[in-house]
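Please look through the model shown here before reading on.

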Amino acid sequence: MEEKINKKKPHTEHYQEVMTMTKTTVLLQAINDVKEFVNIVMKYEFDIDLVSGRYAVDAKSIMGIFSLDLSKPIELNVHTDDADAFFAEIDKYIVK
């Protein structure tokens, strides 16, 4: 399940950007899952965060991911308008 959220950055005189964030839930059950997931995430320029409870970490940080409770599904926040290729690559980790 993916959920899109639009957030407006603070308005300046001549410039206003709308940032889109897409949410889904992933499950990383083994050490090799985390390694492969980070290798996929590192290919993308946009920001990707993992949220577990009150903790949020950069999904490009293997140490950050290992600091989360991996026994439960983790919320994934992708900060881009064009995440289709990314979601296709991580499909096996997405909780359906």
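The questions and answers below go from the whole chain to single residues.

Residues are numbered from 1 along each chain as its sequence is written, and side-chain values use heavy atoms, with hydrogens and water left out. This is a predicted model, in which local features need pLDDT of at least 70 and side-chain atom pairs count only at pLDDT 80 or more, whereas totals for chains, interfaces and linings use all residues.

Q: Where in the protein is confidence lowest, and where is it highest?
A: The score used is pLDDT, the predictor's confidence in each residue, from 0 to 100, and its mean over the protein is 89, with 81% of the residues reaching 70 or more. Where pLDDT is low, the predicted coordinates should not be read in detail. Confidence is lowest in strand E1 (residues 3–8), at a mean of 59, and highest in helix H1 (residues 31–41), at 98.

Q: In what order do the elements of the protein run from the N terminus on?
A: Helices (H or I, at least four residues) and strands (E, at least two) are taken as DSSP runs and numbered from the N terminus. The protein has three helices and five strands. From the N terminus on, their order is β-β-α-β-β-α-β-α.

Q: What percentage of the contacts in the protein with a separation of 6 or more is between residues 24 or more positions apart?
A: A contact here means heavy atoms within 4.5 Å. Among contacts with a separation of 6 or more, the share from residues 24 or more positions apart is 57%.

Q: Which residues make up the covered face of E3?
A: In a regular strand the side chains alternate between the two faces of the sheet. In E3, the uncovered face has Asp47, Asp49 and Val51, while the covered face has Ile48, Leu50 and Ser52.

Q: How many bridges join E3 and E4?
A: Two strands pair if DSSP finds at least two bridges between them. E3 pairs with E5 in the antiparallel sense over five bridges, and Asp47 stands opposite His79 in E5. With strand E4 (residues 55–58), where Ala56 is the bridge partner of Val51, E3 also pairs in the antiparallel sense, and the number of bridges is four.

Q: What is the phi of Gly53?
A: E3 and E4 form a hairpin with two residues between them, and Gly53 is in the turn. Its phi is positive, at about 65 degrees.

Q: Is Thr20 buried or exposed, and at what relative accessible area?
A: Thr20 is found in strand E2 (residues 18–26). Its side chain is joined to that of Asp81 by a polar contact of 2.5 Å, a polar contact being a pair of N or O atoms within 3.5 Å, where within protein one must be able to donate a hydrogen and the other to accept it, and residues adjacent in sequence count only if both atoms are side-chain atoms. Thr20 is buried, with a relative accessible area of 10%.

Q: What distance separates the C-alpha atoms of Phe86 and Ile40?
A: Phe86, found in helix H3, counts as buried at 0% relative accessibility. Leaving out residues up to four places away in sequence, Phe86 touches residues including Ile40, Val41 and Leu76. Although Phe86 and Ile40 are 46 residues apart along the chain, the separation of their C-alpha atoms is 8.0 Å.

Note on methods:
Buried means under 20% relative accessible area, exposed over 50%, partly exposed in between (1.4 Å probe, protein chains only).
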